[in-house]
Amino acid sequence: MTQNSNNNDTKINVNWHDFHRVLNALGYTQIPNSTIGILTYYNESKNDRFVLMKEEEWYNKDYFHKLLSVHRIDPELFFTIAFGRTHE
């Protein structure tokens, strides 16, 4: 699995920009949210709301995998869309 440069095993080299790119590609639209530090996306065809913390640095691996699991997004697909490569 890809890790950040300080080799912290609890982090993954994914930030909110990567989620934004993937969610847009999967048909989610960012909706206005008055809460600071929280991003909200909605996919009308799936009737699914995706809410995530807006982290400037790397996400915690458990949080990352939980988000993907809850919304049934395959990690391989996420990495392919986000970075044009497969999950390491």
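Reader: How many helices and strands does the secondary structure of the chain come to?

Author: Helices (H or I, at least four residues) and strands (E, at least two) are taken as DSSP runs and numbered from the N terminus. In this predicted model, the chain comes to three helices and five strands, and from the N terminus on its elements run β-α-β-β-β-β-α-α. Residues are numbered from 1 along each chain as its sequence is written, and side-chain values use heavy atoms, with hydrogens and water left out. Because the model is predicted, local features need pLDDT of at least 70 and side-chain atom pairs count only at pLDDT 80 or more, whereas totals for chains, interfaces and linings use all residues.

Reader: What is the mean pLDDT of the chain, and how many of its residues reach 70 or more?

Author: The term pLDDT stands for the predictor's confidence in each residue, from 0 to 100. Here the mean for the chain is 87, and 86% of the residues reach 70 or more. Over residues 1-6, however, the pLDDT is below 50, and this stretch has 17 contacts in the model beyond near neighbours in sequence, where contact means heavy atoms within 4.5 Å.

Reader: How is a pair of aromatic rings described, and how many pairs does the count come to?

Author: A pair of aromatic rings is described by the distance of the centres and the angle of the planes. Rings of Phe, Tyr and Trp (its six-membered ring) pair if their centres lie within 6.5 Å, and planes under 30 degrees apart count as stacked, over 60 as edge-to-face and the rest as tilted. By this rule the count comes to 10 aromatic pairs. In one of them, the ring centres of F19 and Y59 are 5.4 Å apart and the planes stand at 85 degrees, so this pair is edge-to-face. The pair links distant parts of the chain, with F19 in helix α1 (residues 16-25) and Y59 in strand β5 (residues 59-60), 40 residues apart.

Reader: Are F19 and Y59 buried or exposed?

Author: Buried means under 20% relative accessible area, exposed means over 50%, and partly exposed lies in between (1.4 Å probe, protein chains only). F19 is buried, with a relative accessible area of 1%, and Y59 is buried, with a relative accessible area of 1%. Another pair, F79 and F83, is tilted, with 5.7 Å from centre to centre and 35 degrees between the planes. Both of these residues lie in helix α3 (residues 75-83), four residues apart, about one turn of the helix. F79 is buried at 0%, while F83 counts as partly exposed at 28% relative accessibility.

Reader: Which residues form one aromatic cluster?

Author: The cluster is formed by F19, Y28, F50, Y59, Y63, F64, F78, F79 and F83.

Reader: Which side chains meet in a salt bridge?

Author: A salt bridge is a side-chain nitrogen of Lys or Arg within 4 Å of a carboxyl oxygen of Asp or Glu, and by this rule the count comes to one. The side chains that meet are those of D18 and R21, at 2.5 Å from N to O. D18 is buried, with a relative accessible area of 5%, whereas R21 counts as partly exposed at 36%.

Reader: Where is H71 found, and which residues is H71 in contact with?

Author: H71 is found in the loop between α2 (61-70) and α3, and at 11% relative accessibility H71 counts as buried. Leaving aside its neighbours within four places in sequence, H71 is in contact with Y28, D48, R49 and F50.
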